Amino acid sequence: MKTASGSPFVLILLCSSFAYPVFANDNRPVTMEDIKALEAQLAELKRRFINQNPQPKDVAKTEAPAPKVNKEAKTHTLDVYATMRPTFGRIEDRGEDQYDVRDALSHAGVKATHRFNDDWAAELHGEWSIDVQNTGEFGRSRRAYTALVTPVGRFGIGKQRPAQYLFIAEYVDIFNHANSPFAYDVESLFFVDNLISYRLDTGPITLVAVGQFDGDNNDNNNDLFNAGVSYNKNGLHAAITYQMNDVYDQQVRLGENSLWAGSLAYEFTDRFYAAVSYQDKTYERENVADRDGSTLDLSFAYKLNKYYKLKTGYFDFDDGYNNGDPSNQSYDGYNVTLEWLPTPPLRVHFEYLTKSYTNNQDFDSLSVGFRYDFRTSINY
């Protein structure tokens with residue numbers, strides 16, 4: 001049962017009970033003595049009321065102190081990943097048929113990041129191929145670099161991706177194949193060692209510039225320069241790049257290659273994606289005639305439903321030689337891929353690929369393959 005002690009109602013009743021004897025049987029006017037007597041009775045009432053209803057203690061003094069919160073953010077991140085991409089297919093190349101187990105660039109890597117200030121971080125990244133096509137051992141390195149992220153950009157030293165791949169090839173490189181993008185692949189950059197890189201991200205604009213410096217080989221100056229700028233926002237990608245590199249045969253300088261390239265990609269809906277990349281390449285030579293070549297890659301992807309995706313592409317590679325020149329290795333072709341995605345880490349793909357050469361017999365392949373991706377991230 002709840003009590004009413006401490007309520008104003010009880011206080012009024014008590015006051016009435018104490019005051020009643022003063023005025024009950026007395027019809028005379030109230031005097032100062034009567035008021036003083038009443039005040040004394042009220043003081044006594046207050047004393048008794050406080051004794052019977054003690055005030056609660058100071059909550060702030062009685063509660064246990066709040067546990068200390070560790071405000072130090074987790075500044076280290078460790079990413080460990082691997083992807084296995086074996087394929088099996090029937091291949092017809094230069095008039096010969098064969099069945100072969102191959103690999104679509106299986107690899108594994110580790111990346112560590114330490115953010116030691118709001119705008120500063122250090123990166124370590126190593127990545128190596130897995131030779132599924134042969135013995136299954138770790139093969140050559142794909143990435144091996146350290147980078148410093150600063151308020152004015154990111155600086156890296158070591159084997160890295162150049163602007164040419166990041167801005168031009170990556171957006172058309174959507175197939176489960178070791179040689180895609182199929183036109184870009186022949187004479188273009190994927191990974192570059194002995195590289196100095198700079199990257200600046202400002203909203204949707206990204207600037208990347210890289211230079212290769214290999215003092216033990218070729219010349220002792222700049223062996224390669226590659227820079228580009230890209231725009232990425234709301235599913236749209238647009239980029240332009242420039243590349244220049246020296247060409248050597250052993251220690252003999254043959255000339256240089258220069259290349260302008262552009263790419264455009266757009267995700268129309270969450271089901272349809274299209275991308276195109278084009279490169280215009282000039283082969284400047286000191287002892288033979290110069291020539292101009294090009295690469296064109298078109299890629300499309302359409303999600304049929306939750307578990308199936310259809311991909312197709314067209315490509316054209318022109319090495320700049322005349323059609324009657326025996327050195328001409330130009331070709332064009334297309335490919336069609338059907339992917340089954342029963343679970344996010346796994347792809348099962350069926351691919352048909354054909355290339356039509358100017359001076360050689362055609363290439364055809366029909367293959368099936370798996371791709372299983374693994375990644376875990378630890379913050380500490």
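Val 80 is in contact with Gly 109, Val 110, Phe 374, Arg 375 and Thr 376, setting aside its neighbours within four places in sequence; contact here means heavy atoms within 4.5 Å. That's one spot in a predicted model, where local features need pLDDT of at least 70, side-chain atom pairs count only at pLDDT 80 or more, and totals for chains, interfaces and linings use all residues. Residues are numbered from 1 along each chain as its sequence is written, and side-chain values use heavy atoms, with hydrogens and water left out.

**The chain overall**

- The protein chain has four helices and 18 strands, counted as DSSP runs (helices: H or I, at least four residues; strands: E, at least two) and numbered from the N terminus.
- Of its 380 residues, 35% count as buried; the cut-offs are under 20% relative accessible area for buried, over 50% for exposed, and partly exposed in between (1.4 Å probe, protein chains only).
- Take the contacts in the protein chain with a separation of 6 or more: 49% of them come from residues 24 or more positions apart.
- The accessible surface of the protein chain is about 22900 Å², with 56% of that belonging to carbon and sulfur atoms; areas come from the Shrake-Rupley method with a 1.4 Å probe, and for residues only the protein chains shown count as cover.

**Val 80 and strand β1**

- Val 80 sits in strand β1 (residues 76-84) and is partly exposed, because its relative accessible area is 31%.
- One of its contacts, Arg 375, is 295 residues away in sequence, yet the two C-alpha atoms are 5.7 Å apart.

- Ala 239 belongs to strand β11 (residues 236-249) and counts as buried, since its relative accessibility is 12%.
- Beyond four places in sequence, Ala 239 touches Phe 167, Val 229, Ser 230, Ala 261, Gly 262 and Ser 263.
- Its C-alpha is 7.1 Å from that of Gly 228, eleven residues apart along the chain.
- The Gln 243 side chain makes a polar contact of 3.1 Å with the side chain of Asn 245. A polar contact is a pair of N or O atoms within 3.5 Å; within protein, one must be able to donate a hydrogen and the other to accept it, and residues adjacent in sequence count only if both atoms are side-chain atoms.
- Not counting residues up to four places away, Gln 243 has contacts that include Gln 164, Leu 189, Leu 224 and Phe 225, along with Asn 257, Ser 258 and Leu 259.

**Thr 295 in strand β14**

- Thr 295 lies in strand β14 (residues 291-303) and is buried, with a relative accessible area of 7%.
- Its side chain pairs with that of Gln 279 through a polar contact of 2.8 Å.

- A pocket is an open set of points on a 1 Å grid over the protein atoms alone, where a 1.4 Å probe fits and protein lies on both sides within 12 Å along at least five of seven lines; lining residues have an atom within 4 Å of a point.
- The lining has 20 residues, and Ile 91, Arg 102, His 177, Asn 179 and Phe 363 lie nearest the centre.
- β2 (86-93), β3 (96-103), β17 (346-357) and β18 (363-379) each supply at least two lining residues, and β2 gives the most, with five.
- By class, the lining has six nonpolar, eight polar and six charged residues (nonpolar: Ala, Val, Leu, Ile, Met, Phe, Trp, Tyr, Cys and Pro; charged: Asp, Glu, Lys and Arg; polar: the others, Gly among them).

- Most residues other than glycine have a negative phi, and most peptide bonds are trans.
- Arg 94, in the loop between β2 and β3, has a positive phi near 55° and is partly exposed at 46% relative accessibility.
- Asn 194, in strand β8, has a positive phi of about 50° and is partly exposed at 37%.
- Ser 180 and Pro 181 are joined by a cis peptide bond, with omega about 0°; Pro 181 is in the loop between α4 (163-169) and β8 (192-202).
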